[in-house]
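Here's a quick briefing to read with the structure open beside you. It goes from whole chains down to single residues.

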Amino acid sequence: MHNLKDRTTPCPSLTQEGGEGATLLLDDAQSTFLLGKQVGMSAAGGEVIGLIGPLGAGKTIFVQGLAEGLGITNGPIVSPTFVIMNLYQGRLPLCHIDLYRFDAPLETIGLDEYLNWNGVTAIEWADKTMIKEMGMIVEILDAGENKRRITIR
Amino acid sequence: MDRCILGIETSCDETAVAVINASRVTNLLSSQIDLHKPYGGIVPELACRRHIEAIGPLLNELLRRAGCALTQLDAVAVTVGPGLIGALLVGVSFAKSLSYALHIPLLAIHHLEGHISSVFLEQEDISFPAIALVVSGGHTNLYKMPKRGEYYLLGKTLDDAAGEALDKGARLLGYEYPGGPVIDRLAKQGNPIYPFTIPHRAGGLNFSFSGVKTALRQMLQQENIKKDLPSFHADIAASYQKAIIESLVLKSLLALRQNNANSMILVGGVAANSLLRRRMQEEGERAGFSVYMPSPHYCTDNAAMIAMAGLSHLERGVFAPLDISPHPALELASFS
């Protein structure tokens with residue numbers, strides 16, 4: 001997963017599938033990384049992004065791309081499953097939260113200071129919480145081999 | 001001179017206190033005295049509230065068991081980071097109050113320095129320079145220690161920690177959290193017959209465990225895998241665990257050789273894994289290094305290790321001011 005940033009080919013374009021959100025078919029982990037990077041590059045601060053998908057889908061890879069797009073300088077971006085939350089500095093600060101160890105559903109995640117701030121917050125296993133602050137939900141599903149079907153809404 | 005040091009650790013799930021009094025260690029966790037309620041996971045806000053509820057009664061019980069009065073304490077050591085800020089604040093505020101009221105020094109301890117110090121609870125004479133591997137659910141870090149209390153980061157995981165990879169492997173096989181001990185137990189009954197490559201072998205002193213997790217997931221999805229065999233879980237656990245443990249051992253040996261170190265220090269929750277303990281001992285000693293690791297009950301989060309790190313700070317005269325703040329993302333190298 002360490003040569004991801006070397007690739008320069010752009011993401012596939014968004015294809016509409018039905019009325020709700022946009023769905024992408026991605027070929028590999030690099031594409032997930034690049035999609036995250038694009039979201040990071042266009043972030044203005046205050047975004048709360050929820051990530052949904054099974055173990056090994058690529059949620060952390062998306063956040064690694066997001067961090068690259070935010071110009072995070074104190075990486076690498078590592079999984080916060082056990083420590084719950086990691087903070088990073090960049091063009092905008094990034095708060096990386098992981099709810100994997102929690103029992104669903106949570107009415108609060110008890111980290112409210114990162115839901116309304118000037119940085120970007122990414123929440124893995126977002127389907128375990130009922131908080132309203134998430135402006136974007138990224139759902140990553142397996143589509144055979146290394147392919148992923150990603151829905152953004 | 002024999003000192004009496006109180007250690008406090010509240011960086012994540014566990015409220016922990018310990019006293020080291022004339023080399024005698026008394027160690028107490030909130031989960032041991034039935035304050036722990038069944039919430040499954042840990043909500044940060046709830047963790048914070050639970051630390052507040054637990055810490056007072058826990059200290060009283062600790063002093064009773066240690067046969068030690070509050071006024072006998074010579075210093076108070078506390079974890080100041082990294083960790084959940086709300087949880088850290090409880091321990092730090094409590095420690096500051098004791099320091100102020102009892103007129104004793106406050107000692108600020110990095111959580112990972114605490115883990116490294118756990119080895120000194122049972123070992124006094126470790127020959128430096130040493131390499132320390134801190135490996136748990138949240139961390140996989142290799143440090144060079146030219147001497148006690150000095151740390152240089154040599155490598156770390158680029159994605160998942162080794163303990164997380166073991167835990168999620170167990171989940172993929174259908175077992176509940178915490179999965180690390182499950183993999184350890186299953187693997188003892190199995191044979192490593194499934195092919196997993198050693199993760200990030202060419203990656204120098206850095207680690208990567210995200211790929212081996214995905215490899216396991218893809219292997220479980222294959223149709224020709226014989227999931228019905230009674231030994232399937234044991235064999236696949238043995239294979240998966242072996243790949244992760246060999247990566248830890250291989251990179252530790254590389255760090256030892258590259259830095260002309262004398263000793264290997266293995267600490268953190270995954271240091272309780274029986275295969276890692278055995279393999280690190282075997283390979284380290286075969287290559288001529290002394291290998292040290294704490295007893296398994298000192299591998300997971302505890303406050304005895306914080307008190308031990310505090311003792312070293314006290315002896316070196318490293319005191320913290322009363323206005324010190326806990327920090328959720330503290331680096332050990334820059335902190336020491």
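What follows covers the ground rules, the two chains, their interface and a few local spots.

This is a predicted model: local features need pLDDT of at least 70, side-chain atom pairs count only at pLDDT 80 or more, and totals for chains, interfaces and linings use all residues. Residues are numbered from 1 along each chain as its sequence is written, chains are lettered from A and ligands numbered from 1 in the order in which they are written, and side-chain values use heavy atoms, with hydrogens and water left out.

**Chain B overall**

- Chain B has ten helices and ten strands; helices (H or I, at least four residues) and strands (E, at least two) are DSSP runs, numbered from the N terminus.
- With a radius of gyration of 20 Å, close to the 20 Å that the globule rule gives for 336 residues, chain B is as compact as a globular protein of that length. That radius is taken over C-alpha atoms, and the rule is 2.2 Å times the number of residues to the power 0.38.
- Along the principal axes, the C-alpha atoms of chain B fill a box of roughly 70 × 45 × 30 Å.
- Of the 336 residues in chain B, 58% are buried. Buried means under 20% relative accessible area, exposed over 50%, and partly exposed in between (1.4 Å probe, protein chains only).
- Take the chain B contacts with a separation of 6 or more: 74% of them are between residues 24 or more positions apart. Contact means heavy atoms within 4.5 Å.
- Chain B exposes about 13,500 Å², and carbon and sulfur atoms supply 51% of it. Accessible areas come from the Shrake-Rupley method with a 1.4 Å probe; for residues, only the protein chains shown count as cover.
- On the charge side, chain B carries 29 positive and 31 negative side chains, with the centres of the two sets 4 Å apart. Lys and Arg count as positive and Asp and Glu as negative, while His and the chain ends are not counted; each charge is placed at NZ of Lys, CZ of Arg, CG of Asp or CD of Glu.

**Chain A overall**

- Chain A comes with two helices and eight strands, and from the N terminus on they run β-β-α-β-α-β-β-β-β-β.
- Buried residues make up 56% of the 153 in chain A.
- Among chain A contacts between residues at least 6 apart in sequence, 60% join residues at least 24 apart.
- Chain A exposes about 6,600 Å², with 51% of it from carbon and sulfur atoms.

**Where A meets B**

- The interface brings 29 residues of chain A into contact with 34 residues of chain B.
- About 2,700 Å² is buried between the two chains, and carbon and sulfur atoms give 59% of that. Here, buried area is the accessible area (1.4 Å probe) that two parts lose on being put together, summed over both.
- On the chain A side, A:Leu55, A:Phe82 and A:Arg101 lose the most area to chain B, together 25% of what that side buries.

**A covered helix in chain A**

- Helix H2 of chain A (residues 59–69) is mostly covered, with ten of its eleven residues buried; among them are A:Ile61, A:Phe62, A:Val63 and A:Leu66.
- The cover over the buried residues of H2(A) includes helix H1 (29–42) and strands S3 (48–52), S5 (94–98), S6 (120–124) and S7 (136–142) of chain A.
- After H2(A) comes A:Gly71, with a positive phi near 65°.

**B:Thr140**

- B:Thr140 sits in strand S7 (residues 140–145) of chain B and is buried, with a relative accessible area of 0%.
- Leaving out residues up to four places away in sequence, B:Thr140 touches several residues, including B:Val135, B:Thr157, B:Phe207, B:Phe209 and B:Leu248.

- Most residues other than glycine have a negative phi, and most peptide bonds are trans.
- B:Phe128 and B:Pro129 are joined by a cis peptide bond, omega about 0°; B:Pro129 is in the loop between helix H3 (111–117) and strand S6 (130–135).
- A cis bond also joins B:Tyr177 and B:Pro178, with omega about -5°; B:Pro178 is in the loop between helix H4 (162–172) and helix H5 (180–188).
- B:Ala22 has a positive phi near 50°, lies in the loop between strand S2 (16–21) and strand S3 (24–29), and is partly exposed at 38% relative accessible area.
- B:Ser23, in the loop between S2 and S3 of chain B, has a positive phi near 70° and counts as exposed at 62%.
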